[in-house]
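Please open the structure in the viewer and display the whole chain as a cartoon.

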Amino acid sequence: IAALSGFRAVMADFLWIQAGNSFESTDWARLEVFLHSATQLQPRAVVFWEMAHYHMAYDAAIAVKGDESRQPNQALRRRAEREFHQIGEGFLLRGIQFNPDNARLYECLGNLYKNRMQDHLKASQSYASSAQKPGAMGYVRRFAAFELAKVPGKEQEAYEQLKELYLEGPQQRVPTLLTLLKELEQKLAIPEDLRVYNPQNP
């Protein structure tokens, strides 16, 4: 990398093109090598980290899960799928190390934990971290509370977060928030006179 000096960006773009070729041929091992090299050459390029994680955790994972021709054993296909999820997670975590204030990478990490790895606590934590960064999308705070509500033992904490969002006003009162708020008020046996959710006046 030191020898490349000012050519790092050019080399990173070249490797990214090679990664695209590997993607087209579904050569996932080779793709990972090119993605790793490109991100190391341009560690501040957030889009490289985001796309690298997506190619591994989504494209490659979905492909190996359904590719019976290469691997007829379903258990081994599922294991390969999980391994690609972890590779995608690794790209995001390294990307965050180089770009610690980037809200988008934390949001992608939350999406990965939520949609692919089914780790709702980590998803909630990642969304919460995203919400604290400059340029964060307005919905990530809600997502953090939604995911926390799915974690056993975190019901009270999730309820407090949902209630806080509800009290901020109508802009936060999306259907999912109202449903979860109602469910948690019932589950936690919140007294009727202390409940904030009113179906007649949502």
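The model shown here is predicted, and the structure holds nine salt bridges.

**The whole chain**

Followed along the sequence, the pattern reads α-α-α-α-α-α-α-α-α. The protein is more spread out than a compact globule, because its radius of gyration is 21 Å, well over the 17 Å that the globule rule gives for 202 residues. Along the principal axes, the C-alpha atoms fill a box of roughly 70 × 45 × 25 Å.

The protein exposes about 11,100 Å², of which carbon and sulfur atoms supply 52%. Of the 202 residues, 39% count as buried. Among contacts between residues at least 6 apart in sequence, 56% join residues at least 24 apart.

**Helix α3**

Select residues 46–66, which form helix α3. Valine 47 lies in this helix, and together with Met51 and Tyr54 it makes a nonpolar surface patch of about 260 Å².

Now select histidine 53, also placed in helix α3. Is histidine 53 buried or exposed? With a relative accessibility of 3%, histidine 53 counts as buried, since the cut-off for that class is under 20%. Which residues is histidine 53 in contact with, leaving aside its neighbours within four places in sequence? The contacts are Tyr58, Gly88, Phe91, Leu92, Cys108 and Leu112.

A further selection takes in Glu50, Arg104 and Glu107, three residues linked in a network of salt bridges.

Select glutamate 168 and arginine 141. These residues form a salt bridge whose closest N and O atoms are 2.7 Å apart. The pair links distant parts of the chain, with glutamate 168 in helix α8 (residues 155–168) and arginine 141 in helix α7 (residues 140–148), 27 residues apart. Glutamate 168 counts as partly exposed at 34% relative accessibility, and arginine 141 is likewise classed as partly exposed, at 32%.

Proceed to lysine 187 and glutamate 155, where a salt bridge brings the closest N and O atoms to 3.2 Å apart. Lysine 187 lies in helix α9 (residues 175–187) and glutamate 155 in helix α8, so the pair ties together parts that are 32 residues apart in sequence. Lysine 187 is exposed, with a relative accessible area of 58%, whereas glutamate 155 counts as buried at 15%.

Then select lysine 154 and glutamate 157, another salt bridge, in which the closest N and O atoms are 3.7 Å apart. Lysine 154 counts as partly exposed at 29% relative accessibility; glutamate 157 is also partly exposed, with a relative accessible area of 41%.

Select glutamine 118, in the loop between α5 (103–115) and α6 (120–131).

The last stop is alanine 189, in the segment after α9. Alanine 189 is not a glycine, yet has a positive phi of about 55°. Its relative accessible area is 56%, and alanine 189 is therefore classed as exposed.

Key
Residues are numbered from 1 along each chain as its sequence is written. This is a predicted model: local features need pLDDT of at least 70, side-chain atom pairs count only at pLDDT 80 or more; totals for chains, interfaces and linings use all residues. Side-chain values use heavy atoms; hydrogens and water are left out. Patches are made of residues with over 30% relative accessible area and no salt bridge: like charges are joined within 9 Å, nonpolar side chains (Val, Leu, Ile, Met, Phe, Trp, Tyr) within 5 Å. Accessible areas come from the Shrake-Rupley method with a 1.4 Å probe; for residues, only the protein chains shown count as cover. A salt bridge is a side-chain nitrogen of Lys or Arg within 4 Å of a carboxyl oxygen of Asp or Glu. Helices (H or I, at least four residues) and strands (E, at least two) are DSSP runs, numbered from the N terminus. Buried means under 20% relative accessible area, exposed over 50%, partly exposed in between (1.4 Å probe, protein chains only). Contact means heavy atoms within 4.5 Å. The radius of gyration is taken over C-alpha atoms; the globule rule is 2.2 Å times the number of residues to the power 0.38.
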